[in-house]
Amino acid sequence: MQEKRNVQIIEWKDLDKKRFYCIGVVMALSLRLTVYPAALIRTRLQVQKGKSHYHGTFDAFFKILRAEGVRGLYRGFPLNTLTLISGQGYITTYELVRMYVSNYSNNNAIKSLVAGGAASLVAQSIIVPIDIISQHLMVAGHDGDLGRFKLSSTDGKYKRAFGQTQEVITQIFRIDGPKGFYRGYLASLLTYIPNSAVWWPFYHFYAEQLSKAVPNDCPHLLLQGIAGPMAAVTASTLTNPMDVVRARVQVEGKSSIIITFKQLLREEGLLGLTKGLSARILSSAPTTLLLVVGYETLKKISLRASSVLQASSQ
């Protein structure tokens with residue numbers, strides 16, 4: 001573990017990998033269950049024209065709840081659980097690349113930036129097809145014209161959970177072919193690689209700055225829990241314009257990022273670039289709080305016995 005640092009960073013080599021992955025999957029699933037409704041609301045806000053259906057995050061929440069019930073807030077969730085695979089790929093890539101870069105630089109910001117960007121590249125390559133199908137399911141319950149596909153109503157628990165998923169997959173393949181499952185891939189990379197590359201350095205930066213402003217006996221986990229949402233708000237604000245474009249490219253079937261961007265500016269002005277930002281912050285800030293506290297706690301309980309002994313002797 002690194003020394004001479006106000007907020008200690010537990011490195012990949014110090015972890016019991018089996019314990020880390022087993023506990024991590026359970027924690028990640030619980031987290032996704034908690035924040036999924038906010039992600040669904042964000043998607044609907046971003047793909048609607050102006051304020052044709054919803055006037056904001058809370059308006060969307062109550063309208064969906066009233067029209068579709070609690071189930072409406074979890075449309076596409078069963079499929080979305082497959083993103084747990086990308087989550088494990090993300091964190092593994094981040095830690096391995098960070099460890100590799102440390103051979104060439106001890107600068108924490110550089111290590112975090114490079115590792116965060118590389119991790120997002122791997123994760124997005126896995127998640128984009130799942131994300132596209134999931135987003136179509138998110139807007140499928142709306143009676144308006146939010147999505148490209150009109151899905152038939154289904155009866156029975158199995159059909160509600162999986163019938164529409166199969167229908168979306170079939171329609172994407174019929175209209176766009178195999179490449180339809182990677183529609184908006186470049187837009188996703190242009191959104192999430194910068195988001196991840198920005199978040200990690202800001203996370204460590206905020207944690208370090210907070211550690212200098214509080215007493216020495218202040219728990220590091222508390223500082224990290226505050227730094228995570230601060231970094232999330234920063235990263236979300238900086239990358240939201242591209243996130244709006246990404247959502248429209250994927251859901252509306254557009255093929256050009258530049259044309260979509262210009263159309264958004266022409267129809268809704270600069271304010272269009274902030275669509276879904278409040279929902280994104282409301283989703284990312286608590287998500288990051290839970291993620292950071294959970295991740296740092298997970299790393300602590302996944303420490304190898306030799307690392308625990310080494311830390312206690314220091």
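From the N terminus on, the elements of this chain run α-α-α-α-α-α-α-α-α-α-α. That comes to 11 helices and zero strands, where helices (H or I, at least four residues) and strands (E, at least two) are DSSP runs numbered from the N terminus.

Before you start clicking, two notes. This is a predicted model, in which local features need pLDDT of at least 70 and side-chain atom pairs count only at pLDDT 80 or more, while totals for chains, interfaces and linings use all residues. Residues are numbered from 1 along each chain as its sequence is written, and side-chain values use heavy atoms, with hydrogens and water left out.

**The whole chain**

Begin with everything shown. Of the 314 residues in the chain, 50% are buried; buried means under 20% relative accessible area, exposed over 50%, and partly exposed in between, with a 1.4 Å probe and protein chains only. Contact here means heavy atoms within 4.5 Å. Among contacts between residues at least 6 apart in sequence, 77% join residues at least 24 apart.

**Stop 1: Lys 17**

Select Lys 17, which lies in helix H1 (residues 17–47). Lys 17 counts as partly exposed because its relative accessibility is 21%. Its side chain reaches the backbone oxygen of Leu 15 at 3.1 Å. This is a polar contact, that is, a pair of N or O atoms within 3.5 Å; within protein, one must be able to donate a hydrogen and the other to accept it, and residues adjacent in sequence count only if both atoms are side-chain atoms. Leaving aside neighbours within four places in sequence, Lys 17 touches Trp 12 and Arg 304.

**Stop 2: helices H4 and H7**

Next, show H4 (residues 83–101) with H7 (residues 185–213); they pack at an angle of about 65°, with their axes 14 Å apart. Axes are lines fitted to C-alpha atoms, for helices over the stretch in contact, and angles run from 0 to 180 degrees between N-to-C directions. Which residues meet here? Tyr 90, Ile 91, Tyr 94 and Arg 98 in H4 meet Ser 196, Trp 200 and His 204 in H7. By class, this contact of H4 with H7 has four nonpolar, two polar and one charged residues (Ala, Val, Leu, Ile, Met, Phe, Trp, Tyr, Cys and Pro count as nonpolar, Asp, Glu, Lys and Arg as charged, and the others, Gly among them, as polar).

**Stop 3: helices H8 and H10**

Move on to H8 (residues 220–252) and H10, packed at an angle of about 140° with their axes 8 Å apart. The two are therefore oblique to each other; angles under 35 degrees count as roughly parallel, over 145 as roughly antiparallel, 65 to 115 as roughly perpendicular and the rest as oblique. To see the contact, pick residues including Gly 225, Gly 228 and Ala 232 of H8 and Ser 284, Ala 285 and Thr 288 of H10. The residues of the contact of H8 with H10 divide into 10 nonpolar, 10 polar and four charged.

**Stop 4**

Arg 280 counts as buried because its relative accessibility is 4%. Beyond residues up to four places away in sequence, Arg 280 touches residues including Arg 42, Asn 195 and Asp 243.

Finally, select Lys 275, in the loop between helix H9 (257–268) and helix H10 (277–301). Is Lys 275 buried or exposed? At 10% relative accessibility, Lys 275 counts as buried. A polar contact of 3.2 Å joins its side chain to that of Glu 268.
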